[in-house]
Each structure stands twice: as structure tokens, then as C-alpha cells.
Amino acid sequence: MMPDLYIVTLAGLGLLVLLVAWLPMVLRRAPLSLPIICVLAGYLAFSLPVAGPAPFPLWFPVATERLTEFVVIVALMGAGLKLDRPFGWHGWRQVWRLLGIAMPLTILATAALGWWWLGLGPAAALLLGAALAPTDPVLAADVQVGPPRSGEEDDVRFGLTAEAGLNDGLAFPFVNLAIVAALAAGTAGPWTAAFTGWVLVDVAWKLAAGIGIGWAAGHVLGWATFRAHARARLSRTGDGFVALGIMLLVYGVTEMAHGYGFVAVFVAALALRAAEREHDYHDTMHAFIEQAERLLMMLTLVLFGGVIAQGLFTSLTWAEAGVAIAIVFLVRPILGWISLAGLSWPRRERALVAFLGVRGIGSFYYIAYALNHAPFPEGVQLWSVVGFVVLLSVVVHGVTVTPLMRGLDIQDGRNLDP
């Protein structure tokens, strides 16, 4: 007699929660990452005869968008909370180069590959570039800084953490431009009005609203958390889930104001840290967010492994696989290296930042979001290519990140845990 699918699911979720706690400890010094284990577990689970229907994103478009959206905003909150370095022009110079040079060039290069090599239409090619340009704040956890006040914030880890925190939101205007192009392709009118609206709304207003609301809300909530009357401070609760409330409030208010919630959440987290940098409550909030992020990440990647098991890459062509390989091994490393030229950094550190541009769940979100807001006939092809890029990134970066970062720590003379 076959076991009930519901009971099997409960048992699987229980195992997943236990693995969330156990695997990071076991894999800490191993050349193997938690995301690899999650994808493999999903692949095996959905290959079993008792497995349920395949969670193909095109079959569950709204659920895919909402799940990946929530995972990303949790990761952005966590990234902002653990950055010790004060916000500034000079201290963040490598971040500005990665955002201002590497990201737009990556969008252009990836879009060119999609248009020239894969034959995608202009809108779909631009969407592919915008979705695959950001460094992912979820899967890049292994190359990010440590918890607040831990001292694990060298230039490489800081650059990758801050880049991942900001570039997910900054890629949004280009995703929206692809949506505008897809919608305009079905009309006979001129592009002028649509492009002007994109500049004024999707670039100017939404970025300004995201930054402004995030900064203001972060300072107000920082005051309420650390500087209000002693008996009314949120920090007195000792509850880490306050960070979740702050995150959801900031994101919701910003989205209601038609701003970029991704930008607002990260900026609010930075402002919250600036309100009182040395308070122990930062550790409490970050620990809760990190646990939630890890659980959500594992769930998403298990589902990703299930989609692979049930045929995500069935229609993948050699040309599409070649584009994915070029994006992971050539586009980001070369353009990341170019963007950091001129910094007084050792070549090893420049190479690490350039190579470790992890692609992941943020890319899934952008594809799901765009396909839910405009007609893209190439939807199946886009999911296939983006999925293969993320799988490559999970495997390649997952295997190499531990020895690479350990070598960096040894080179810099940092103490290593046994």
C-alpha cells in the first residue's frame, strides 16, 4: 500500500527542518555547499514513485513569483543587518563599481548572447540579461560577511554582500523595460510614450521611493528599537521576529507607494544598523532572519531539484547550454574584473569578487514576475536557460567557494575554526 502523500510531505518537511540546522555545521569546511545538497535532495525526492506533481513554474506562475519574492526580501534583510561597515562613497567604492559598471555591462552582454546566439526577441533577450545580471543574496550566503560584529568582513566578503543587497533592486528597471518592450511589441503605436513613462516611473520614481522610504522607515524603526523610552523599546522584547515585522512593513509600504521594495528593505536594514551599531539585539534579529532564509532557501531549491527531475531541461539545446556556460565562466568574471580595475587590491581578491557572482533565486523571481506581467512567447526557453545558469552556479560556486575563501583567510592571516 502506497503511503499517503500528505504524510510523506510532513515527514519530508521535518527532515528538511533538521537538515537546516545540521548541514551548515557539517559542511562548514567541506568543498560542498548546502544548495547543492538541496537540489540533489529535490531531484531524488521527485524521482520517487510517491512524488506529487512537478512544481513547474509555468504551471504555478503566481506561486512561483510569490515564493521567490519572499525568499529574496528575507535574504536582503539579512544582508543589510550583518554589514558592519558604515554606508559611504569611499568605503563602498568596490560596490559602486560592481553596480555601475559590471551590472549594466552584464545585462548588455547577456542580452546580446540571447539575441544573437539564441535568437530571442529583443524583449526576451533584455529580460534574460536583467534576470541574470544580479548577484543573488540568497545563494551567495557562503561568500558573504559573517554575523553582525563578528569581524568577518574583509573587502571580498563585504563587496559581494553589499552588491547582492543592492543589485537585485537595481536590476528591476531593466526587467520593467523588457516588460514595456514586450507590451509595446503587440501595439502599433510609437515607443516614445512607453519609454518616457519607463524613465519617469520605473527608473526615477520607483528607485527614489525605494531609497527614500527605506531610509526613513529604517531610521524611525531604528529609533523605536534602540532609542525610544527604555520601557517601550522594541529591543527589550528580545524577539528576533521583530526583524521580520520590520521587513514586511517596509516592503509593503514601499510597494503600495509603487516603489522598489527590494531596495527599501536593504536600505532600511542598513539604517537600522546605523541607529545603534553595537547593540546585542542586532545578533538576535540577524539570527532569526538567517534561520528563516536558510529554511526558505532549502525549500525553494528542493522544488528546483524536483523540476529538474521531471523535465525542466528536456528542451535545452546545446546553444542554450553554451550561453549558460559563457555567462557563468566568461561574462561575469571578465566584466567583474574590468569593473574593479584601478582599485589597490591584490589580483587574487579582484579575481575572487569577479568569479563569485552567484546566480540564483533572484533570477527565478524576475523571470516569474515578467512572465506574469507581459506576454513572452519564449517563456519555456527563458526558464530552461535561467534554470541551467542557476544549476551551474550552484554546482560550480558551491564546490569552489569553501577552498577559495579558506585560502583567502589563510593569506590574510585570519584565525580559522577547526
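This is a predicted model: local features need pLDDT of at least 70, side-chain atom pairs count only at pLDDT 80 or more; totals for chains, interfaces and linings use all residues.
**Exercise 1.** Find the salt-bridge partner of Arg273, and say where the two residues sit.

*Solution.* Look for the partner first: it's Asp84, and the closest N and O atoms of the pair are 2.9 Å apart. Arg273 belongs to helix 10 (residues 261–275), while Asp84 is in the loop between helix 3 (61–81) and helix 4 (93–116). That's a link between distant parts of the chain, 189 residues apart.

**Exercise 2.** Explain why the salt bridge between Arg332 and Glu163 ties together separate parts of the sequence.

*Solution.* First, the contact itself: the closest N and O atoms of Arg332 and Glu163 are 2.6 Å apart. Now find the helices. Arg332 lies in helix 12 (residues 318–339) and Glu163 in helix 6 (residues 155–170), so their pairing joins parts 169 residues apart in sequence. Both residues are buried, too.

**Exercise 3.** Check that Glu276 and Arg227 make the salt-bridge cut-off, then describe how accessible each one is.

*Solution.* The cut-off is within 4 Å, and here the closest N and O atoms are 3.9 Å apart, so the pair makes it. Glu276 has 27% relative accessibility and counts as partly exposed. Arg227, at 49%, is partly exposed as well.

Notes: Residues are numbered from 1 along each chain as its sequence is written. Side-chain values use heavy atoms; hydrogens and water are left out. A salt bridge is a side-chain nitrogen of Lys or Arg within 4 Å of a carboxyl oxygen of Asp or Glu. Helices (H or I, at least four residues) and strands (E, at least two) are DSSP runs, numbered from the N terminus. Buried means under 20% relative accessible area, exposed over 50%, partly exposed in between (1.4 Å probe, protein chains only).
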